[in-house]
Structure formats: structure tokens, C-alpha cells
Amino acid sequence: MPRPLEIPEAYYSRLCPGDWRPHDEAKLVELAQRMKDSEARRKKRRRLPAMPSGYVYFGQFIDHDITRDGRFLVGDANPHEDETPNYRTPALDLDTLYGKRGLPGPQDEKSGELPLGQTLPPTGPTRRPAGKLDDLPREADGTPKLIDPRNEENLVIGQMHVLFIKFHNGVIKLLKRNPSLSPGPRGSSLFEQARRFVTWHYQWIILKDFLPKIARITVLQDIRRKGLLLTPDPINLPIEFTVAAFRFGHSMIQESYSLNHDLGVHAGSLMLMTKRGRGISSELPALPANYVIDWNLFFTAPEAMLNRGQTIDTFITEALYGLPAESIAIFRANFSPQDLAPRQAGEFMRPLPELTLRRGSKMHLPSGEEFADFFHLPKLTAGDIPALTEDEEFFDQQEFRGRTPLWYYLLREAAVQAVTDSEPPVPPDPPMQKLGHIGSRIVAEVLLQILSADSESIQNEGKEWKPPLLVFGASKLPRSLDSMPNLVEFVRSNEEP
């Protein structure tokens with residue numbers, strides 16, 4: 001039997017109440033195949049500058065922090081979102097790193113630090129020596145010791161988890177030297193003070209660094225002036241967010257990545273270089289040192305070296321069409337395909353974009369046009385929907401006419417509006433593509449509501465708090481940890497040489 005999941009923390013909700021008509025599954029299977037990227041398709045379109053790839057995987061890290069429905073990707077999906085459990089706390093509280101509030105976590109009781117794992121000798125050239133604490137903590141067979149196993153879905157998200165462990169441990173040392181920097185709670189342990197310090201910086205970075213890179217300025221300004229339009233439920237996350245809008249990152253996955261200055265890999269290798277992908281096993285029970293990520297290449301490197309996200313559009317990398325069943329199984333729940341009935345196990349052999357489309361239909365999501373009409377928002381024209389000329393006849397059939405699957409619609413909206421309604425640059429960032437107006441509003445309003453509903457967040461208990469100024473890295477000027485690049489530099493400055 002599958003391993004039992006944790007106690008549900010909440011359920012799900014809808015932004016658009018109603019029993020919206022699902023799509024024909026055979027048509028969705030064909031649509032998923034039309035979304036499959038290829039070298040020939042890449043030559044037919046202009047790549048738009050998007051945010052650095054580090055933010056794409058930071059978005060996945062956020063997703064794992066707030067939602068985990070635990071049902072099979074398609075087979076168990078149904079339109080009763082209020083009966084679908086969410087096994088993560090719907091709060092930006094880093095419970096995948098620390099565990100649930102008030103419960104024992106993975107920290108060392110004496111030091112308050114979180115455990116890390118040592119790397120193995122490299123399988124290729126590297127400037128990173130073996131034996132450094134650059135890996136997730138693991139069992140003897142390589143199984144990661146994680147609160148949520150999805151944080152080893154791929155190599156980058158695993159290394160992102162390592163980055164935040166290192167951030168916590170660096171903050172422990174910082175607060176020992178400078179107790180006055182503690183944000184509280186008063187009288188709490190050093191671990192709890194570090195947890196709050198890390199969590200509040202994480203929330204600040206989401207609001208001030210991540211969100212402006214993915215949501216349109218005009219949408220954020222409109223929310224500030226007029227308040228929320230969609231009024232999402234802050235406790236029960238809306239499925240239009242979890243099953244459609246916040247899956248924009250699937251389209252931003254590159255075909256290949258430079259992990260560090262010595263190693264570049266195909267995107268498929270990111271999934272394989274995990275325990276589930278079997279790149280880590282009893283024979284190779286930890287990460288080889290040459291696979292340790294240099295985060296500069298994901299956030300701040302010069303353009304020629306930077307891993308920049310793909311354009312947000314309806315073209316999905318081939319890597320997501322050939323994942324092993326073990327990798328797909330972990331995307332939503334901690335199941336092993338060997339534990340499942342043949343029908344259920346076969347479900348995990350399908351391409352991930354197909355599963356996303358079919359799941360949205362099974363849950364009776366509104367179409368993109370229905371969502372826009374419900375909230376009286378401007379919508380794409382019928383001519384905007386096909387991404388390529390050869391798709392025009394497909395979308396002109398009755399099944400899709402005026403009823404584009406929401407996930408596809410929001411990806412297409414981002415691509416169309418990047419050309420028709422381009423975003424001005426926000427210094428120091430160069431111009432970059434973002435979600436469209438509806439996608440931006442869904443993502444921004446849900447994240448803002450999550451923070452507003454949490455009594456311990458920087459919107460409430462920490463509303464007078466700001467990241468303190470620190471001196472770290474090569475600069476002698478005081479700076480705050482208000483962005484992912486600064487967090488990365490702070491972590492690097494705290495590592496032993």
C-alpha cells in the first residue's frame with residue numbers, strides 16, 4: 001500500500017464557483033502532443049527574455065510549501081475541490097524545511113542547525129571537492145531525509161532545499177554573534193528565532209523580488225489601489241491557482257542547463273539525478289561533487305552564461321514528455337508505482353503536460369474564456385489562441401471554440417501579451433516577459449491572501465519589520481537579504497573555504 005500522507009491542513013476552493021463542463025480527454029491528449037516542443041518549433045518563434053531559471057525553481061519551491069493534494073494525477077481527480085485535502089499548510093511558512101509549526105522538526109537539538117549531507121567523489125571534472133556538505137541529508141541507500149519528498153523531484157529543487165538549509169545554518173551563526181538582529185519571538189530558542197528570521201526573509205523575497213518578476217506591474221499597482229478582485233479563499237487555495245496559473249513554470253524549463261562551470265546537462269538529467277530517478281542509489285548513495293549547483297549561473301551570471309527561463313508559452317520541453325514513472329509519481333504524492341494497481345501505475349507513464357490538462361478537466365476548471373467572462377476581464381480573441389498556423393483548425397473545432405483549457409489559455413495569454421502589451425523594465429532588471437494580466441492577477445492575489453491570512457507573517461506580526469542591513473560577501477557596504485541573489489551571496493560567504 002502507498003505510504004500514508006500527513007494530516008490534512010486544509011482543502012481547496014474555487015475562484016469561479018460552478019460546475020464547468022469538462023473537455024473530451026482524447027482531445028486533451030492531442031493538445032498535449034501539440035504542445036510538445038522541438039527544434040523545428042523553436043525555429044518558428046522568437047524567444048522572449050524571461051526571468052533567470054533560479055526563480056523558476058524558486059517558484060516550484062514555493063508551490064511545495066503551500067500545496068500538496070495527494071491524489072493521483074488524473075484517476076482520483078474530481079470536481080469536489082472542497083473534499084480534496086491539502087497536506088501542506090496554506091501558508092508561506094517553509095514547513096517543507098522545518099515541519100509544521102509547534103511540532104518537532106529535523107534540527108539538531110543542541111545547535112539548532114539543520115542537517116546536510118556530504119557529497120561523493122565527482123564522476124567528472126569539478127572545482128568542488130568531495131566530502132563537502134552540499135547535499136541533502138540521506139539514508140544509507142540514498143533516500144533523502146525530507147519532510148516532503150517532492151523537494152527531490154529534480155536536482156535543482158533538491159539543491160534549492162540545500163540552499164535554504166545553508167541559509168538557516170548561516171543565520172544561526174549570525175544570531176549567535178548579533179542577538180540584536182533577532183526578530184523574535186521573545187524568549188524563544190535560537191532555532192525558533194532563526195526560523196522566523198529565515199521565514200520572514202523568504203516572504204519578503206517572494207513579495208519584493210519574485211512576484212514583481214512574474215506578475216505585471218499594472219496588475220500589482222491595481223491590486224494596491226483597488227484591493228482584491230478575485231477574493232481567493234486564504235485558507236483553501238483555489239484550484240485555478242494550484243492546477244493552472246501556478247504551473248506556468250513547466251513552460252519555462254530549458255532544454256539544458258549549466259549546473260556549474262564544469263558541467264552542463266540535458267533537462268531530463270535533472271530528474272534522473274535523484275533517488276527516484278535512480279541516479280542516486282545504494283551504489284551511489286549521495287550527490288557526486290560535480291553536480292553541485294553554482295547558483296550564480298541561475299541568478300546573476302552575465303547573459304552569455306546565465307540559465308534564463310524559456311519564454312512563457314504553450315511549448316513544453318521534450319524532457320517533460322519522457323519522465324520515468326517514479327519521477328511523475330512524486331509530482332503530486334509519495335507513491336511508488338510498484339504499490340499501485342496497473343491502471344493507476346499506467347497513469348504515471350503519461351506525459352506531464354497531458355496529466356495537467358486532463359486533471360484540470362476532471363476537476364471541472366473553467367476555461368480561460370469562461371474565467372475572463374466570470375470576472376468581466378478582457379480576454380484573448382479566437383485568433384490569439386493557436387500558437388502556430390497548423391493549430392488553427394484544431395482550435396476551431398466545437399470542443400475548444402471559446403473554451404480553451406485554463407492552463408493552456410494562461411500560457412498563451414503570457415505569450416500574446418508579451419508582444420502586444422510589453423512590460424517596461426524595472427531597474428536593475430532588464431525587460432523580461434511575465435505572465436499575462438489574468439495569470440498575474442491569480443498568482444499575485446493568492447500569494448497576497450496567503451500572507452494576509454497568516455497571523456505570524458510579515459503582513460501581520462512582522463508588518464513593522466524590514467530585513468536588517470548586513471555586511472557580507474565581497475562588498476563592504478551594508479545590504480539586506482532582500483533578493484535571491486543576495487541570499488545566495490550570504491550563504492556563500494558563510495561556507496567554510
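Is S367 buried or exposed? I began my notebook with this residue, working from a predicted model.

**Entry 1: S367**

I looked up the relative accessibility of S367 and found 1%. Buried means under 20% relative accessible area, so S367 counts as buried. I then located S367 in the loop between α13 (352–362) and α14 (368–374). Setting aside residues up to four places away in sequence, I listed G402, R403, T404 and L406 as the residues that S367 touches.

**Entry 2: The whole protein**

I next turned to the overall fold. I noted 18 helices and four strands in the secondary structure of the protein. The radius of gyration is 22 Å, close to the 23 Å that the globule rule gives for 497 residues, so the protein is as compact as a globular protein of that length. For the C-alpha trace, I recorded a span of about 65 × 55 × 45 Å along the principal axes.

I also looked up contacts between residues at least 6 apart in sequence, and 77% of these join residues at least 24 apart.

**Entry 3: Surface and charge**

I recorded an accessible surface of about 20,000 Å², with 53% of it belonging to carbon and sulfur atoms. I then looked up the charges: the protein has 60 positive and 66 negative ones, and their mean positions are 3 Å apart.

**Entry 4: The interior**

What share of the 497 residues is buried? I found that buried residues make up 61% of them. In soluble globular proteins, nonpolar side chains tend to be buried together. With this in mind, I looked up the largest nonpolar core, which holds 137 residues. Within this core, F58, M160, F164 and F210 touch the most other members.

Leaving aside neighbours within four places in sequence, I found F210 in contact with M51, Y55, F58, G59, I62, I205, F246, F248 and L447.

**Entry 5: Two residues in one loop**

I compared M273 and R278. M273 lies in the loop between α9 and α10, and R278 is placed in the loop between α9 (267–272) and α10 (296–299). M273 is buried, with a relative accessible area of 10%, whereas R278 counts as exposed at 55% relative accessibility.

Which residues does M273 touch, not counting those up to four places away in sequence? I listed L155, G279, I280, L284, L287, P288 and Y291. For one of them, P288, I also looked up the C-alpha separation from M273, which is 9.6 Å for residues 15 apart along the chain. For R278, I noted G142, which is 136 residues away in sequence and 9.4 Å away in space, C-alpha to C-alpha.

**Entry 6: Backbone details**

I then examined the backbone. The peptide bond from G184 to P185 is cis, with omega near -5 degrees. I placed P185 in the loop between α5 (155–177) and α6 (190–214).

Although T231 is not a glycine, I found a positive phi of about 45 degrees there. T231 sits in the loop between α7 (217–226) and β2 (237–238), and it counts as exposed at 57% relative accessibility.

H376, also not a glycine, has a positive phi of about 55 degrees. I located H376 in the loop between α14 and α15 (392–395). With a relative accessible area of 74%, H376 is exposed.

Note on methods: Residues are numbered from 1 along each chain as its sequence is written. This is a predicted model: local features need pLDDT of at least 70, side-chain atom pairs count only at pLDDT 80 or more; totals for chains, interfaces and linings use all residues. Side-chain values use heavy atoms; hydrogens and water are left out. The radius of gyration is taken over C-alpha atoms; the globule rule is 2.2 Å times the number of residues to the power 0.38. Buried means under 20% relative accessible area, exposed over 50%, partly exposed in between (1.4 Å probe, protein chains only). Contact means heavy atoms within 4.5 Å. Accessible areas come from the Shrake-Rupley method with a 1.4 Å probe; for residues, only the protein chains shown count as cover. Lys and Arg count as positive and Asp and Glu as negative; His and the chain ends are not counted. The place of a charge is taken as NZ of Lys, CZ of Arg, CG of Asp or CD of Glu. A nonpolar core is a set of buried Ala, Val, Leu, Ile, Met, Phe, Trp, Tyr and Cys residues joined through side-chain atoms within 4.5 Å.
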